[in-house]
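Open the structure in your viewer and keep the selection tool ready. The stops below go from a pocket to the core and end at a loop.

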Amino acid sequence: MNTEIKIPAQVYGKDHFGKYAILKESPQFRRYAGIAGTRVQFQWSPGKSAVYPPVWVQFALLGEERVLLYCFEDAGQDLKGRPHCLRKIVGVCSYQQAAQISAALVDENTPLEHDVDDYGTWRICVPSWLEGPQEYERPQTRILRKGDKGAYTIKFPSPSKKPSGSGQKGNRHIPILLVSIFLAFGGGWVAHMFWNNNKVNHEHVKNGELRKQSDQLRKELNKEKNLRENAEEKLRRISDILREEISSAMDTVDEKSEGPGCD
């Protein structure tokens, strides 16, 4: 018996025009879209005519208990007959969901049933016995299912260089205390800048989403305004017609009520 895991996701691949584009996207995933596009770089290698097996990757996010889950698939030939078109599915899941999916991907030969619906919800079926406990350790960024290792190239962001320890032994020109203070200040500054950069990226994604919502609301308000103005114009026309008909009717009544004159 299987358990269905549902996570918000985005599907990226070639559309019916043969151009790479976002094919599906969940509204809940949009705040992660900018981050997800830069964290893992993947490309299929040319050479073989057969379709390559998929590659699964997880990337642990800093600052929140969430994991980016990637599935890179070989979509076959494009409209021009070129093989190995990339189809990328990336979603965001909790630590528990990441642990369940990771456990299901241990065996390379076991297929994992999954699909993304029209609303951008990624449905992944895993064995029910993998539900396990509710608490998990922080997942590590790693390849969950490697597929054919010679069929692709993959790159992760380079880790930040850690500051060195104390000064070199025998260096008498710089006091050890001064070096320690400098390193402590420098490390704190780097951490602060890194935190600020992540915050700015998050705010940028959030502001972009707010702008989209604002534009959509403005369009809807303009549409409502146009409908209201059209309705008011129709009411004015109907009022004018009714006023003319009433006036005409009153004139007719007045004419009929007038009898022959008396000398």
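**Stop one: a pocket**

The second largest pocket holds about 330 Å³ of space. A pocket here is an open set of points on a 1 Å grid over the protein atoms alone, where a 1.4 Å probe fits, with protein on both sides within 12 Å along at least five of seven lines; lining residues have an atom within 4 Å of a point. The volume is the space filled by probe spheres set on the points, which are joined across faces, edges and corners.

Select Tyr12, Tyr20, Phe42, Leu86 and Lys88, the closest to the pocket's centre of its 19 lining residues.

This is a predicted model: local features need pLDDT of at least 70 and side-chain atom pairs pLDDT 80 or more, while totals for chains, interfaces and linings use all residues. Residues are numbered from 1 along each chain as its sequence is written, and side-chain values use heavy atoms, without hydrogens and water.

**Stop two: the core**

Now select Trp56, Leu69, Ile101, Leu112, Trp122 and Ile124, which have the most contacts inside the largest nonpolar core, a set of 21 residues. Such a core joins buried (under 20% relative accessible area, 1.4 Å probe, protein chains only) Ala, Val, Leu, Ile, Met, Phe, Trp, Tyr and Cys residues through side-chain atoms within 4.5 Å. A second, separate core of 20 residues includes Phe59, Leu61, Leu68 and Val90.

**Stop three: a loop**

Go to Trp129, in the loop between E8 and strand E9 (142–145); strands are DSSP runs of at least two residues, numbered from the N terminus. Trp129 is exposed, at 68% relative accessible area, where exposed means over 50%. Its C-alpha atom is 8.5 Å from that of Met1, 128 residues away along the chain.

How values were computed. Helix = DSSP H or I, 4+ residues; strand = E, 2+ residues; numbered from the N terminus.
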